[in-house]
Amino acid sequence: MAFVPFDDRDGWIWFDGAFVPWRDAKTHVLTHGLHYGSSVFEGERMYGGEIFKLTAHSQRLKRSAELLDFDIPYSVAEIDAACKETCEKNGMTDCYIRPVAYLGAEQLSVSSLNSKVHLAIAAWEWPSYFDPEVKKKGIRLEWAKWRRPDPATAPSTAKAGGLYMICTMSKTAAEKRGYADAMMLDWRGYIAEATGANVFFVQNGALHTPRVDHILDGITRQTVIEMAQAKGIEVVIRDILPEELADFSECFLTGSAAEVTPVSEIGDYRFTPGELSLTLMDDYGKLVRGQL
């Protein structure tokens, strides 16, 4: 799709309970969320008129806000309905949906006691997060400079805007050097996640993936674990050191945007997209489209 700035598009955005023309969905430059990162968001996909795991996404949005000590003034059911209405209003049946909740411009200081909570929902066409042809061969990742934070220093399990700054820096740096993404370590030096997706490795027919008590527990990650276990595939959830990558044969990323994406390299480590990665990629594609 040709590049079109996100502030200059046709369509409608759900904004605090009403639809506004896309170009009119504006907020003030002195908004708390812009200055202090007081925002949470979700990324979800609609396939054939159905938003996959919609309620799980809305529940996580509410939970993320609670971790940042603010309450979204809409119930999970109301957020679900607004997401569906946004897609319908824009005439979309296959798209990406972005709900975002943030603190407004009533107060601009570190304190947010007097700031109003806003909720906006947009939807747009976004066929694939990574180039489909590159995806089949496996994408290339470099090591990120920045690490995921200690959960004692930040609400690291929330899908919070402020926590994505180091992801933006890491992915942008990787793309400048010809990579598709970057792999991040946690504050201890263990494998954490890519900049917007969880990671899985394959060893002797079993899946290995990091614990998520200190990073985002992806909804796609949960789905892939359920799919694998239903097939009788062992799933090992544990801390993984970078040097262990030499012992893994396959690697793939999971996320609502990334879906299931094979990886061919992380730094000096090489992987070959094999039967397990490609089968889970295909099965996930069928599942979200109601074909499985």
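In what sense do β1 and strand β7 pair, and over how many bridges? I looked this up in a predicted model. β1 and β7 (residues 117-124) pair in the antiparallel sense, over two bridges. I then checked who faces whom. W14 stands opposite I121 in β7.

I followed β1 to its other partner. Strand β1 covers residues 12-15 and strand β2 covers residues 18-21. Four bridges join β1 to β2, and the two strands run antiparallel. I looked up W12 next. The bridge partner of W12 in β2 is P21.

**Entry: the whole chain**

I stepped back to the overall fold. I count seven helices and 16 strands in the protein. The radius of gyration is 19 Å, and the globule rule gives 19 Å for 292 residues, so the protein is as compact as a globular protein of that length. I took the box along the principal axes. The C-alpha atoms fill roughly 55 × 40 × 35 Å. Burial came next. Of the 292 residues, 52% are buried. I also looked at contact range. Among contacts between residues at least 6 apart in sequence, 68% join residues at least 24 apart.

**Entry: α6 against α7**

How do the axes of helix α6 and helix α7 cross? I took α6 as residues 219-230 and α7 as residues 275-288. Their axes come within 11 Å and cross at roughly 110°. Angles of 65 to 115 degrees count as roughly perpendicular, and α6 and α7 are therefore roughly perpendicular to each other. I listed the residues that make the contact. From α6 they are T220, T223, V224, M227 and A228. From α7 they are L280, D283, Y284 and L287. I sorted these residues by type. Six are nonpolar, two are polar and one is charged.

**Entry: D239**

Where is the place of D239? I found D239 in the loop between β13 (235-237) and β14 (250-255). Is D239 buried or partly exposed? The relative accessible area of D239 is 25%. Buried means under 20%, so D239 comes out as partly exposed. I set aside the neighbours within four places in sequence and read off the contacts. D239 is in contact with R188, Y190, R211 and E244. I also checked D239 against H208. The two are 31 residues apart in sequence. Their C-alpha atoms are 9.2 Å apart in space.

Terms used. Residues numbered from 1 in each chain as written. Predicted model: local features only at pLDDT ≥ 70, side-chain atom pairs only at ≥ 80, totals over all residues. Heavy atoms only, no water. Axes fitted to C-alpha atoms, helices over the stretch in contact; angles between N-to-C directions. Parallel < 35°, antiparallel > 145°, perpendicular 65-115°, else oblique. Contact = heavy atoms within 4.5 Å. Nonpolar A, V, L, I, M, F, W, Y, C, P; charged D, E, K, R; others polar. Pairing = 2+ DSSP bridges. Rg over C-alpha atoms; globule rule 2.2 N^0.38 Å. Buried < 20%, exposed > 50% of the residue type's maximum accessible area, 1.4 Å probe, protein only.
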